[in-house]
Amino acid sequence: MAPLSHPSIQDGWFREISSQWPGQAMTLKVNKILHVEKSLYQDVLVFESETYGNVLVLDGVIQCTERDEFSYQEMIAHLPLASHPNPKKVLVIGGGDGGVVREVLKHDTVEEVVLCDIDEAVIRVSKTYLPHMSSLLESPRVRVFVGDGFKFLAENESTYDVIVTDSSDPVGPAESLFQKPYFQLLHDALAPGGQISTQGECLWLHLPLISQLRDMTREIFPVSQYAFTTIPTYPSGQIGFMVCSKEAERDLSKPVRKVQETRYYNENVHHAAFILPEFARVVLEEGKDIRPVFGRNSLAAKATAEGKKTRTVLLLGSGFVARPCAEYVVRDPSNELTIACRTLSSAQALTEGLANAKAISLDVNSTADLDAQVAAHDLVISLIPYTFHAAVIKSAIKGKTHVVTTSYVSPAMRELDEEAKAAGIVVMNEIGLDPGIDHLYAVKTISEVHEKGGKIKQFLSYCGGLPAPECSGNPLGYKFSWSSRGVLLALLNSASYLSEGKQLDIVGSDLMQYAKSYFISPAFAFVAYPNRNSVPFREFYNIPEAQTIVRGTLRYQGFPEFIKALVDLGFLDAIEKEWLTADLTWAEVTQKAIGANDASQSSLISRIKSVCKFPNESESARIISGFRWIGLFSTEKVSPRGNNLLDTLCARLEVLMKYEEGERDLVMLQHKFVVEWADGTEQTLTSTLEQYGSPSGHSAMAVTVGVPCGIATQLVLDGVFNTPGVHAPYTKEICDPIRVILESEGLGLVERVL
């Protein structure tokens, strides 16, 4: 059996990353993973930590550890119970680990405890891995009910003396446990004089939410107070409780009986739990915020004080690379961002958690709508397919709105240069990864060599967006971090480059035949092939002396031969096929595509070997095995897309070759310069970027495309780039300001002399 793994555990450390505590994370060293499962409601993880014993984690958030759970369980239970004169019937909602029930049973007055938890998995797993917490669930005074707490409350009005809600954070399903209807149900389920205690979040992180909870509960209960405890493994080491009573005269901060056998709780701690630090007291009691102002809030205050003008930015597209770009743009509090997508839900998903951002629905095919939205903003970022860029620029010229794109300048875009100049707008392009970061470091090294009297004899530049090696186990050694169609169509682009002073031109159907092994590091088995037209870069980069100029793509060994076979068989054909219908199996589609005698596997393989002419039996077996993995010989019904083979294959590969949870990608970019110095000596210089994505965050591709785009956007807004016209970063004047900021973001290339 394979060892257990979990995406929140990397390199032997558990990391608790959540939108509920942005910018910080609790980490624990893991000895071993004990249990992983997806219950009906949540992700359940138990691991043994080096310093906190067994740890229960739900949906990536620590619920309890053997070392410190008692501080939370004791306080959420004893604050309402010890201040109640005679609690007999107690209801615990959530808390399937049994910790709260254990504490409730320390009160001799309690005759019955009902535990209501919707997820049986938590109860079951806790009995195995946290028996010191859950053992008392077998007590005769305890009744366990697996089900919906809302329904249970509604069916048990005026019943309980104390109700404890041991809930997770207000994200997803648990969000309803922090809203008024739930607290009304709690109130109604209490007997006269009854009290509640609910998980009430952290003063350091959630003070606005706590203030809302306190105000809302005071509309329902005559007494409502916030109290807190300390616990090392909860966010910021502190967690609180909303403690409420139906008895108007009750002082919740005063216990009326002693509680025995506690580790954290005592009478003085009970009283002190309601005494808040000054920053929290002032917010809750006086409605003033005296917390320090720093970071983005400080910048916002400064901008307001200086009367800095608000700049409006329109971002078109919500694809893979948009989020890092959007995050960079809204760092400046004077920027207001509008994210536009044809489907509103996609735009809304992208704006979630972003300051100064809103979402709209926009169909860029509607010229009138596009004109109106572009004109309403100071700058438009176009991250939609490159075929739309010319239309976006035309709208920007009408509205006198600056433009930034990550795409190559097409002839249609270049034709708009004079109109852009007349409109006084900057149209900055080719500022992603490739093109983008590659330009910055090509221009840097070339300029430095020329300044020292040297000449660039050869310029080789290769870039690849790939799965990290440990995630590259499919037959193609590839996964999609952007449009599958775009990836496959790029493999059919013609290419031109200079080799020893001669121009070589390759038609797209032959491109994969030109792939060759390319050494960057002993750790990788790369192949490289030319990409697009490298010849104009002799002029763009001002290297007329260069005899060899190649800009190309990196893939893992074995990829080109596989793609060449798909091309030879016609599976990258985008022409519509009338015969491609949903009643065919994949084997029948393959038969028709390649002209086999029938749809049997033996017949298909025989025809494939005849068409592809593999160099040897080993290569034949490898590629045919890959076709079998794709399903080209299967009896499964096909799901046609676009009525053509290319898009139908894309739909299949998007399922098979997507990044799974916990996987990461790799961006590898290397320039190689063969330099002849003034004294006749030669050197080889390299500039290399090896960037990995985060399994729990952005992909490397998203960061290396989105961040440079965001930087260029800010520089246009700030007037650093103010020369009207259609531009690409081929000069020091454009490249240097972007590169300096890019390096401060940790995205610089490593430069070496070989």
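K29 is partly exposed, with a relative accessible area of 37%, where buried means under 20%, exposed over 50% and partly exposed in between, for a 1.4 Å probe and protein chains only. The model is predicted, with local features needing pLDDT of at least 70 and side-chain atom pairs pLDDT 80 or more, while totals for chains, interfaces and linings use all residues. Residues are numbered from 1 along each chain as its sequence is written, and side-chain values use heavy atoms, without hydrogens and water.

K29 forms a salt bridge with E50, the closest N and O atoms being 3.7 Å apart; the term requires a side-chain nitrogen of Lys or Arg within 4 Å of a carboxyl oxygen of Asp or Glu. Because K29 lies in strand β3 and E50 in the loop between β4 and β5, the pair ties together parts that are 21 residues apart in sequence. E50 is likewise partly exposed, at 46%.

## A buried pair

D332 and R311 meet through their side chains in a salt bridge of 3.1 Å, N to O. D332 lies in the loop between α11 and β15 and R311 in strand β14, so parts 21 residues apart in sequence are tied together. D332 is buried, with a relative accessible area of 13%, and R311 is buried as well, at 10%.

## The open sheet

Seven strands form an open sheet in the order β9-β8-β7-β10-β11-β13-β12, with mixed pairing; strands are DSSP runs (E, at least two residues) numbered from the N terminus, and two of them pair if DSSP finds at least two bridges between them. β9 and β12 stand at the edges with a single partner strand each, so one side of each is left without a neighbour in the sheet.

Note on methods
Helix = DSSP H or I, 4+ residues; strand = E, 2+ residues; numbered from the N terminus.
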